[in-house]
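User: I'd like to go through how two chains meet in a model. Can you take me through it?
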Amino acid sequence: MFQTFLQYEFLQNSFLTGMIIGIIAPLLGVFIVVRKMSLIADALSHISLSGIAATMLAATYSPFFAGISPLYGGMLFSVIGALFIEKLRSVYKHFEELSIPIIMSIGIGLGVIFISLADGFNNDLFGYLFGSVSAVSRTDLYSIFIIGLLVVLIIIFLYKELFLLAFDEEYGKAQGIRGNIVHLIFIILVALVIAISIRIVGVLLVSSLMTLPVAASMRMAKSFKQTIIFSIIFGEVSVVGGLISAFYLDLAPGGTIVCISAVILIITILYSKKLKYNAR
Amino acid sequence: MENKAPIIEINNLSYRYASEDVLKDLNLTVHKGDFLAILGPNGSGKSTLIKLLLQLLKNQKGEIFIYGTPIEKFYAWEKIGFVPQKANAFNTGFPATVYEVVRSGLTKKTGLFHFYPRNVKEKVIDVLRAVEMEDLINRNIGELSGGQQQRVFIARALISDPEIILLDEPTVGIDSKRVASFINLLERLNKEKNITLIMVTHDLSAVINQVTHIAWLNRSLQFHGSVKEFKNINKVNAQSFYQTDLESVSNVQVNGGKH
């Protein structure tokens, strides 16, 4: 079975991309979930879609844009969207969550306009919404690898600060830690990871890769470190299993990945209930 | 007492929210080794004062000096520990162990882009021993009782070897039987490790036998002095003073906070 995967370059690309995002999406997801910002991933994925659509639309007018992977348009819009979310959070201090539906609806609105202006890419659209096993080019893979490496390194070096600010932001600030800057760096990483995950899981399901493995992990883990490790394992199993089954059953990988994550989540909930029952 | 070095000096500090003065012309000096209880009714500016001392709020008017340095230019925050009010400190579902929480107190001291020191585990065990919590090092923080969580937060403050610890109503939400042993723990840290403690509290009777100094705050400073001075100006029972005899104290103005 793995021979087929190694035979075709497009499958290798998707497979390796999947393995990278299976690590970094749940890694960032742990910090997103404990800070109660789960919905931010949805907002950023929709704004990424408008960036992808804008690049594809621009490509129909100018050969310059035709040479640029829509991945970069998605990243650019996603990062800009993340910066706007941060700005809106400070504007609406007492309604911080308001920033998420604002950016999400702007993302969908722009996306719909760009998509209807260029009806030439309707086939691709399905892939962008629900993921595709054949959509990653070799150059995309290289960019995704570099971003993955960057994310892991930054999280390792900012781990102390990210943990403290997530656990008790006031204490972090009282210790003189520049919470705003750390947070800004983090949110930009989230924006980048969402943009690169879209090709595999799709706009509509990308946030699940940041939340479902973490939700399952929290049922099992006894420490923050374990929460991260289990999340990555669950994320990796979901992505790899999802890609393989999507290929053989000819399904959209977004759906299979999410379904495997959901099965893992259900198993962990039942298992932790059993543990509690036995402990009585 | 008064010949010790001042480590915190507050001069003419005022702070307003909207158009209301929460603190007005506050002068207060804290000396090394003091165990100061800041008392006062709700809305008297106690928590605002703590937030200003931690620079979670920025000064609007007046000055604060820490070790003689204007607070805006003070960067050695690892010397100042903080124990928050338990009720709003953290999300109890947070998946972290006591070890991880206590270790996070070293974040500032370790420095940006640096990793925790090699002996971090021993350091965590040391401070947990000081608060009699070393057996619970691997427990999830959310599983502990309120009093135990508060001890963990003290350990987190202790791990960076602070010279001052600020506590904002640390006994709120702890059952009354455990408050006494908690205050005794603070007294021990104050006496044995010579850590200066500044504690905001509602409950004078719980702390009067352990603290060395009392500041009575009601937007402006009504009284500041040693416990002995406090008892002298207030022949009646201290607790009843706290509840009813506000007027007599505001007329006394012993020391005015300046030494």
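Analyst: This is a predicted model. One term before we start: a salt bridge here is a side-chain nitrogen of Lys or Arg within 4 Å of a carboxyl oxygen of Asp or Glu.

User: OK. How many salt bridges does that rule find across the interface of chain B and chain A?
Analyst: One. It joins the side chains of A:D168 and B:R156, with N to O at 2.9 Å.

User: And how many residue pairs are in polar contact across that interface?
Analyst: Eight, with both residues of each pair at pLDDT 80 or more.

User: Which parts of chain B touch chain A?
Analyst: β6 (80-83), α2 (98-103), α3 (107-110) and α5 (146-158) of chain B each supply at least two residues of that side. By class, the side has 19 nonpolar, ten polar and six charged residues.

User: What area do the two chains bury between them?
Analyst: About 2,700 Å², and 64% of that is on carbon and sulfur atoms. On chain B, the three residues B:F94, B:P95 and B:T107 supply 22% of the area that the chain buries against chain A, more than any other three residues. In residues, the contact takes 35 from chain B and 26 from chain A.

User: What's the lining like by class?
Analyst: Six nonpolar, six polar and five charged residues.

User: Back to salt bridges. How many are there over all chains?
Analyst: The count comes to 14. One within chain A pairs A:R89 with A:E86, where the closest N and O atoms are 3.6 Å apart.

User: How far apart are A:R89 and A:E86 along their helix?
Analyst: They are three residues apart in helix α5 (residues 70-91) of chain A, so about one helical turn separates A:R89 and A:E86.

Technical notes
Residues numbered from 1 in each chain as written. Chains lettered and ligands numbered in written order. Predicted model: local features only at pLDDT ≥ 70, side-chain atom pairs only at ≥ 80, totals over all residues. Heavy atoms only, no water. Contact = heavy atoms within 4.5 Å. Buried area = accessible area lost by both parts, 1.4 Å probe. Polar contact = N/O pair within 3.5 Å; in protein donor to acceptor, adjacent residues only side chain to side chain. Helix = DSSP H or I, 4+ residues; strand = E, 2+ residues; numbered from the N terminus. Nonpolar A, V, L, I, M, F, W, Y, C, P; charged D, E, K, R; others polar.
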